[in-house]
Amino acid sequence: MNRTEAVFRIAPTLQKYDWGVVGSRSKVAQLAAGADIPGFALDNSTPYAELWMGTHVKSPSGVVGSTASLPDVLAANPHLIGSEVSSKFATSKGNLPFLFKVLSINKALSIQTHPDKGTAERLHAKQPSVYTDDNHKPEMAIALTDFRGLCGFLPISDIKTYLRTIPELRALISELVVDRFLSADGEMDEREQLRNLFSALMQADPNVVKFQLSQLTAYYKAVNEPSEIENLVLGLNDHYPGDVGVFCPFVLNYVKLKPGQAIFLGAGEPHAYISGDIMECMANSDNVIRAGLTPKPKDIANLLAGLTYKAAPWSEHVVQPSRSPGSATLVYNPPVQDFTVLALDLSRGGSESQVAVDGPSIIIVIEGSGFIKWDKDTKSLELMPGNVVFVGANIPISFKALEKLTIFRAYVD
């Protein structure tokens, strides 16, 4: 590969976490089959959880046809990132400001949050083996299939209802904390009492948690027609028996997305993805602070210290895409500078041009076939499912669909 070419194929990397969908049912595995990943061979007993596209130090993308990594190429060719982006982000080592992913979720990820920039720097300095970089990690999830998750704290009134009607939940928290929460008045007081309540819940005696969960799940199993939340609790307990995170549907919003719908999670927002396939874009970080629904080490103290304790309906986290008249491209623009995501659906024979942006882009083909063209359409690459393409800064491109073509493009400008 000519290292100074403006558009070229890259090879993503795979993460085989336990919560991923197993074998060929995994969207990640399906895309990996066409992603030019060296040595990839599908194993139908392996969970394929994440496909990473970017420059993160933990698992940087490769460059197809080269032994160099993507950050190596970008460090040697800084014009591909662009001066506008390099003036705002630390890109000297070929680092992109964002990390792009596909996730295939079979069972719940941990109850988690992500740090702001200052907290990330502090945690990385103290525990570099756990917090492997010093960056913040705001993130956006766009559903590819029906998706379920927990996202942000429920409205205060909903949490109060659960406390009054679920004795097993109330038994984990002291009466003083419960009473102060139930009598909280005004936003500042409610936020402080939510902090006390959630802290007490997540630090409850594990033996008491297991006992109360056994009582609660036995009751739910005897219900003739369990509600969605009751079924959710039963499912979480099947995967993580006796874990305090099983109680989180009583304090966090239960979110259901249809394909194309999106949510954004800023620093300090508790969440847990439960099932489905998603595109995910985030700042270039892998910092996760965990507190439940996980066999991995938990850091409850830092999670509790970093939460915003903002209580609101999950609609507050929704990202509504926009579309220009006559365009087939949807624009998902979250409230951060680190990334934007475009989604393009073209019918057979369709075409679409996209203007140059000031920064770099990564494109993945989800479905169909076609071409990406640049340099006044004099250059092109064929596109097939799983192909991942890097586009340098200030390069206008166009797409041509041979059959229905679906792509996602992450960029920063």
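Visitor: Where does Ser61 lie?
Guide: Ser61 is in the loop between strand 5 (50-53) and strand 6 (62-63). Helices (H or I, at least four residues) and strands (E, at least two) are DSSP runs, numbered from the N terminus. The model is a predicted one, in which local features need pLDDT of at least 70 and side-chain atom pairs count only at pLDDT 80 or more, while totals for chains, interfaces and linings use all residues. Residues are numbered from 1 along each chain as its sequence is written, and side-chain values use heavy atoms, with hydrogens and water left out.

Visitor: Why is Ser61 called buried?
Guide: Buried means under 20% relative accessible area, exposed over 50%, and partly exposed in between (1.4 Å probe, protein chains only). Ser61 has 0% relative accessibility, so it counts as buried.

Visitor: What does Ser61 touch, leaving aside its neighbours within four places in sequence?
Guide: Its contacts (heavy atoms within 4.5 Å) include Ile10, Pro12, Trp52, Met53, Leu70 and Pro71.

Visitor: Why is Leu42 called partly exposed?
Guide: Leu42 has 42% relative accessibility, and therefore counts as partly exposed. Leu42 is placed in the loop between helix 1 and strand 4. Not counting residues up to four places away in sequence, Leu42 touches Gly23, Ser24, Ala29 and Tyr48.

Visitor: What makes the phi of Asp36 worth a remark?
Guide: Most residues other than glycine have a negative phi. Asp36 is not a glycine, yet has a positive phi of about 60°. Asp36 is found in the loop between helix 1 (27-32) and strand 4 (47-48), and counts as partly exposed at 39% relative accessibility.

Visitor: What is the phi of Tyr309, and is this residue buried or exposed?
Guide: Phi of Tyr309 is near 55°, a positive value in a residue other than glycine. Tyr309 lies in the loop between helix 11 (300-306) and strand 15 (329-332). With a relative accessible area of 2%, Tyr309 is buried.

Visitor: Why is Asn302 called buried?
Guide: Asn302 has a relative accessible area of 17%, and so it is buried. Asn302 belongs to helix 11. Apart from neighbours within four places in sequence, Asn302 is in contact with Arg122, Leu123, Gln127 and Ile289.

Visitor: What makes the pair Asn302 and Asp299 a polar contact?
Guide: A polar contact is a pair of N or O atoms within 3.5 Å; within protein, one must be able to donate a hydrogen and the other to accept it, and residues adjacent in sequence count only if both atoms are side-chain atoms. The side chains of Asn302 and Asp299 are joined by such a contact of 2.8 Å.

Visitor: How do you know that the span of helix 9 agrees with its number of residues?
Guide: The expected span of a helix is 1.5 Å times one less than its number of residues. Helix 9 (residues 206-221) has 16 residues and should therefore span 22 Å; its end C-alpha atoms are 22 Å apart, which agrees.

Visitor: Which residues of helix 9 are buried?
Guide: They are Val209, Gln212, Leu213, Leu216, Thr217 and Tyr220. These residues cover an arc of only 130° around the axis, which puts them on the same side of helix 9; the arc is that of the directions from the helix axis to the C-beta atoms. Asn207, Tyr219 and Lys221 are exposed on the other side of helix 9. The cover of the buried residues includes helix 6 (167-170) and helix 10 (228-239).

Visitor: What is found at the start of helix 9?
Guide: There, a side-chain oxygen of Asp205 reaches to within 2.8 Å of the backbone nitrogen of Asn207.

Visitor: How do you know that the radius of gyration agrees with that of a compact globule?
Guide: The radius is taken over C-alpha atoms, and the globule rule is 2.2 Å times the number of residues to the power 0.38. For 413 residues a compact globule would have a radius near 22 Å; the protein chain has 22 Å, and so the two agree. Of these 413 residues, 57% count as buried. The secondary structure of the protein chain comes to 11 helices and 23 strands.
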